[in-house]
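I opened the notebook to look up a few local features of this model, with the cut-offs written beside each term.

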Amino acid sequence: MTALLLAVPLAPLAISLLIGISQSKYAGWLNLVGVVLSLLALLLIGGASPALSGLWFESGAFRITVGLSLDGLSKLLAYLVAGVGLLVSVYAVGYMRGEKGQPRFFATFSFFIGAMLTLVLSDSFALLFAAWEGVGLASYLLIGFHYTEEKAHKAAFRAFLMTRVGDVGLLLGWLLALNLTGTSDIATFLTRVNTLPATLLAALFLIGAIGKSAQLPLTAWLPDAMAGPTPVSALLHSATMVAAGVYLLLRLEPLFAAAPAVLLAVAIVGGLTALFSALVATAQTDLKRVLAWSTVSQLGEMFFAYGLGGPFAAASHLGVHALFKSALFLSAGAVQHAADTLDMRRLGGLWRLMPLSALTFTLAGLTLAGVPPFGAFWSEEAILGTAVQAGTFVGAFMLLLIFLAGVYISRAGVATFWPRRENAKAHEVGALMAWPGLILAVAALFGGVLGEVLRGLLPFTPSPEVTLGWRIAAISASVLGLAWGGVWAVRLSATPALGDWPRVLGTALEGLMVGMARGTWALSLGLQRLEGGLNGAARSTAHAALGSSLGVQRAESSFDTSGRVVADFTLSGANLTARAEEGGFAQGADNLARSLGNLGTRLRGLETGKIYLYTLILFGWVLVMAVGAVLWH
C-alpha cells in the first residue's frame, strides 16, 4: 500500500524527468501516462489511509522528518488534482498541438501536478514547504512559457514575486513551529497547539495562504497569470496553485481554531476579496480575465466561510469550484483557439459555431451562479448557513456575493455565445479539447453528491442548515444576478454590468499589486545593497582586526626580543656580580681578615706581661715622636 502511496506523486514527477531528458515529440501523451498512473494508484488505495514517514536528519533536539499520508482531506485534494489534471492534460494535448517547445511545456506541466500531489500528501512541514516552492516554480515557468513576449515575462515575474511574499510567512511559521516543538511532523505539531503561541503561528501561516490564493492585498497577480497557455490557467485556477492556500488553512484547522483573532482576520480578508473581485469581474471585457477575477472572488468566499468557523463549507466549495472553474477555462480556451480572440466586444453568436463549448460554459456557469440543483448551490448554501449563523447582516452579505457571481458569469457567457455576430474564423474545436471541459461541467452538476461524500470524509463538522426563507433568498439572488448580467449583455454587448466604477476599482487593485511588487523589488534591492554594505563593513572590520592582530603580534615579538635582551643583560650582570662577589669582595674580605688575624697574632707576641718590654716600647715611641718633630721643623 505504501508503494501505491509513493506512486501517486512520483509518477508525474518521474515522467517530468523523462520528458525533460528525452525531449520526446510524444511529451503530451507521456504526461498523460504519468497522471493516469497517479489516479490509478489512488483508486487502488481505495478507502485505506496509508502513511509512511522517515527521519531526514536529526540535530540536537530537532528532528526533521519527511513522509506522505492519505487521510480524508488529502484524499479529497489528491483526487481533485489527479482527476482534473487528467482531463486538462487531455485538453492540453490538443491545445498545444503545433506549439514550439512542447517537451518543455509538458515536462513542467507534469512537474506541476507532481509537486501539488506531494504538497497535499506531505505529513511534515519540511516536505510541504519544498512542494510549496515546487508549485510556485512550476507556475512561474508555465505562466512565462512564451517568455519572449514581454507580457508573459512580466506576468510570470509578478506572480513569482508576489507569491514569495506569502512564502516568507509560511517559512517563518514552520521554522517557529520547529523551534517550539522540535519536530517538523504536522500531526505532532497540531496536538500541541494549545501550549504554543497560536495567534502568532496562525498569523504567519495566514500570510502564506494569502499569497498562494491571491487574497487581498496580494490579489492581482492571478488575473495577470492569464498570459500562460489556457491549460495552465485551468489547472492553476482550479486544483493546484490557488487551492494550496485554502488547503493550508484546512490542514491547520486546529491551530486556527485556537486563534479566534486570526480567524476573524481570515473572514474579513476573504469577504473583502470576494466582494471587490466580484465587482471588478463585472467590468472586464476579456473573457479569461472575467474568469480570473471570478476565481479570486470564489477563493475569497472560501476564506470567508473558513473565518466564520465553517471549514466544511470551505472544503466543499473548494471541491466543486475545481470542477466548474476548470470547465469554464477549458471552454474559454476553446473560444480563443477557434476565434483567435478573448475580447468579448468582438465575440458573440458562438453557440451556433461551437455548441459543445457553449454547452460546457453554460453548465459550468449555472453551477458557479449557484442555480439549484447544480453543485455550487449546495456548497454555497453551506457557506450561507455558516454566514447566517454569524449574523443576519453577514448572511445578507453572502447573498450579495451570490448575486454578483450571477451577474458577471451571465454577462460573460451571453456576450460570448449568444448575440448574433459574424465571426468567420470561429469553429468548434476537436474532441480532445471539447470533451474534457464538458465532462468536468457535467461532474460539477453533481456537486451535491460530492457534499454527501465529504460528510463522511472530512474531519470537520458539517455546516448548519439554512431556513427556507434564506434558501429562497439565495435562489432569488442567483436568478436575479443571471438575469441582470444576461439582459445587460444582450442590450449593451460587453459593457460593464454595474457601470465603469468597478473597472476603476480593478485598476486600483492592480495598481496596488504593481506598487507592492515594485516595493518588494525595491526592498529586495535595498536589502541586497544593505547586505553588500554589511559585507563590506564586515570585510573592513575583519581586515582591520587582522591588521591589528598582526601589529599586536609584531609588538609582542618586539617585547619578547627586548625582554630576552634585558633578561640576558640582567643574567650577565648577575653572573658578573656573582663572580665579583665571589672573586673580589669575598676573597678580599677573607684576605683582610686573614691579614688582620696575622697582625693580631704578631701583636699578641708583644703582649708578654713584662714591664721592661713595655718601658722599652714607650721609649721607642717617644724617640720616634721626637725625631719626627725635629724633622718637621
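I began with Arg-164 and Asp-167, which are three residues apart in helix α6 (residues 150-181) and therefore separated by about one helical turn; helices here are DSSP runs of H or I with at least four residues, numbered from the N terminus. I note that this is a predicted model, in which local features need pLDDT of at least 70 and side-chain atom pairs count only at pLDDT 80 or more, while totals for chains, interfaces and linings use all residues. Residues are numbered from 1 along each chain as its sequence is written, and side-chain values use heavy atoms, with hydrogens and water left out.

I looked up the link between the two and found a salt bridge, with the closest N and O atoms of Arg-164 and Asp-167 2.3 Å apart; the term requires a side-chain nitrogen of Lys or Arg within 4 Å of a carboxyl oxygen of Asp or Glu. By this rule the count comes to nine salt bridges.

I then followed Asp-167 to Lys-212, where a salt bridge has its closest N and O atoms 4.0 Å apart. Because Lys-212 lies in helix α8 (residues 198-212) and Asp-167 in helix α6, this pair ties together parts that are 45 residues apart in sequence. I checked accessibility with a 1.4 Å probe and protein chains only, taking buried as under 20% relative accessible area, exposed as over 50% and partly exposed as in between. Lys-212 counts as buried at 0%, and Asp-167 counts as buried at 4%.

For another pair I took Arg-471 and Glu-465, whose side chains meet in a salt bridge at 3.8 Å, N to O. Arg-471 is partly exposed at 27% relative accessibility, whereas Glu-465 is exposed at 59%. Returning to shared partners, I noted that salt bridges join Glu-133, Arg-164, Asp-167 and Lys-212 into one network.

Next I turned to helix α14 (residues 287-307), whose 21 residues should span 30 Å at 1.5 Å a residue, in agreement with the 30 Å between its end C-alpha atoms; the expected span is 1.5 Å times one less than the number of residues. I found 21 of the 21 residues of α14 buried, so this helix is largely enclosed by the rest of the structure. Just after α14, Gly-309 takes a positive phi of about 90°.

Key:
Helices (H or I, at least four residues) and strands (E, at least two) are DSSP runs, numbered from the N terminus.
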